[in-house]
Amino acid sequence: MTTPSLNLAALGRIAPELRPAVDPRELRPRVVHFGLGAFHRAHQAVYTENAAARSGEPWGIAVVAPRSARTAAALRAQDCLYSLTELRPAETVTRAVGSVVEALAMRPDAARVDALLADPEVTVVTLTITEKGYYRSPDTGALDTSAPEIAADLAAAATGALTTVVGRLAAGLAARMRAGGAPVTVVSCDNMAANGAALGRVVRDFVAAAPWPDRQAVLDWMAASVAFPATIVDRIVPATTEADLRAAHAALGVHDGLPVVGEPYRQWVLEDSFAGPRPPWELDGALFVPDVVPYQLTKLRLLNGSHSALAYLGAAAGCTTIADALATGWGERLVRALCAEVTPTLPAGGPDPAAYADDLVERFRNPGVRHLLRQIGSDGSLKIPERWLDALRTLRTASAATPVLELALAAWANATRPDADGGQLFGTTDPAAPALARCWHEGAGPEDTVRRLLRALGAADLAAGDGALVAAVAARLPALRAGRIEL
Ligand code: CS2
């Protein structure tokens, strides 16, 4: 007998306390989400489900997979249901989530995506497309119209055959204006400072460069009717493994092909500037504040900053997961020292940095969470500017000592060394990997390599103007190469 799969018909087989907090049949698609990764399913989808359950308002999510038609089809095959397992230190708790009501693949379902974006019932769009989905020029933050994918989308904009989320979103907003122009809020949930403004900028740049005769009208309408609030999202969500699939099956009694796992902790802070109706996420603990900057920089610089430092130092030391790195003699010290070093760069009004560092150590130690250093270390060229470089610039300008950031930068540099197969030394991936590999060309001295790597991060200022930093980073490379962490 084949095992039944998780879907609406199978809900009756699941223990009542493991069923979704809402009946998905009572929800309508009123939020469109781009990015079908595990993070969305373990974070915004949970807040939306609880907001719908507690308010009785029918807030359902139509998720759009930018690339993988397979994931969207797999989710559809389960009536958009999937399970979430909370990884508590000593136990796991699994339940089904029911806030997703439609799963689309961006290219084949482009017409439906546009129709939803134009629908006045849809008043919120959210995105988790990772830093590389924005195609920002590292120096200016403008849309990189020379990136091949964006250039291709601009050329295709008249026909609608778009492959980037930025292009699809711009086209969808244009369609919305033409269909009557109900106000809408577009919420970037990616780990970038001022993520709302960053998203607004690239979408406007796309519209301005598109061949649409009404592009100026679209821009004018966007200025009045489309909000791009900043947000910070937080939950540690490791990639799902085969073991997670088996555990979800065991807990539910039905097969779930798309389970997600996450730490118990979650947080969502949003800038309180929405253009129209939104799910009452505050009913599930989301915080609406006038200014997210203090929260955003605290999270990026302390949590994500330590994550990246642990990823590259841990890889050099032979660790596999964040919990492994915390179990070394230097892991906790590194987190605390990095937090202490960057704390003077944080604006007032956010969480208490010392208490935040204490919580981080606890969260990172959680032995139930197998968060791979390779996952966190990937796309470093896009993550590091957000996580370390602005803090580093502020500290260097104030002539403050920056030994921990120097060590972290050296560990990142070490991890960009090309391996024999043209990949990166510890198996991380990065769209800039070929350019980073070239920084290690034969005959380049260590300081020259560090300068080139800094330039590849968009930090030509530090490469050219801070010889002491370059020398300090270069000096740490040999120990890291030998797997020694000298903190
Ligand atoms: C991590 C983040 O993969 C990474 O780069 O630092 O995904 C991190 O786990 C989340 O931002 C936590 O909220």
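Author: A polar contact here is a pair of N or O atoms within 3.5 Å; inside the protein, one atom must be able to donate a hydrogen and the other to accept it, and residues adjacent in sequence count only if both atoms belong to side chains. The model is predicted, with local features requiring a pLDDT of at least 70 and side-chain atom pairs counted only at pLDDT 80 or more, whereas totals for chains, interfaces and linings use all residues. Residues are numbered from 1 along each chain as its sequence is written, and side-chain values rest on heavy atoms, with hydrogens and water left out.

With that in place, the side chain of Lys 299 has an N or O atom 2.6 Å from an oxygen atom of the ligand. Asp 234 likewise places a polar side-chain atom 2.6 Å from a ligand oxygen, and for Arg 387 the corresponding distance to an oxygen atom of the ligand is 2.9 Å. The ligand taken alone would expose 340 Å², of which the protein buries 89% (areas by the Shrake-Rupley method with a 1.4 Å probe; for residues, only the protein chains shown count as cover).

The shell around the ligand, meaning residues with a heavy atom within 4 Å of it, consists of Asn 191, Val 233, Asp 234, Arg 235, Ile 236, Lys 299, Asn 304, His 307, His 371, Ile 376, Lys 383 and Arg 387. Strand β9 (231–234) and the helices α10 (293–316) and α15 each supply at least two of the shell residues, and α10 gives the most, with three (helices are DSSP runs of H or I with at least four residues, strands runs of E with at least two, both numbered from the N terminus). Because domain 1 (8–289) and domain 2 (293–481) both contribute to this shell, the ligand lies between them; the domain bounds come from an automatic or database assignment.

Most residues other than glycine have a negative phi. Ser 399 is exposed, with a relative accessible area of 67% (exposed means over 50%, buried under 20%, and partly exposed in between, using a 1.4 Å probe and protein chains only). Cys 80, in the loop between α3 (69–77) and β3 (82–87), also has a positive phi, near 70°, but Cys 80 counts as buried at 5% relative accessibility.

Six strands form an open, parallel sheet in the order β5-β2-β1-β6-β7-β8, with two strands taken as paired if DSSP finds at least two bridges between them. At its edges stand β5 (100–105) and β8 (226–227), each pairing on one side only.

Within this sheet, β2 (residues 59–65) has seven of its seven residues buried: Trp 59, Ile 61, Val 63 and Ala 65 lie on one face, with Gly 60, Ala 62 and Val 64 on the other. Five bridges link β2 to β5 in parallel, where Val 64 has Leu 104 as its bridge partner. On the other pairing, β1 (residues 28–34) joins β2 over six parallel bridges, and His 33 stands opposite Val 63.

Five of the seven residues of β1 are buried, and four bridges run in parallel from β1 to β6, with Val 31 opposite Val 124. Thr 126, in strand β6 (residues 124–127), is buried at a relative accessible area of 2%, and its side chain makes a polar contact of 2.6 Å with that of His 33.
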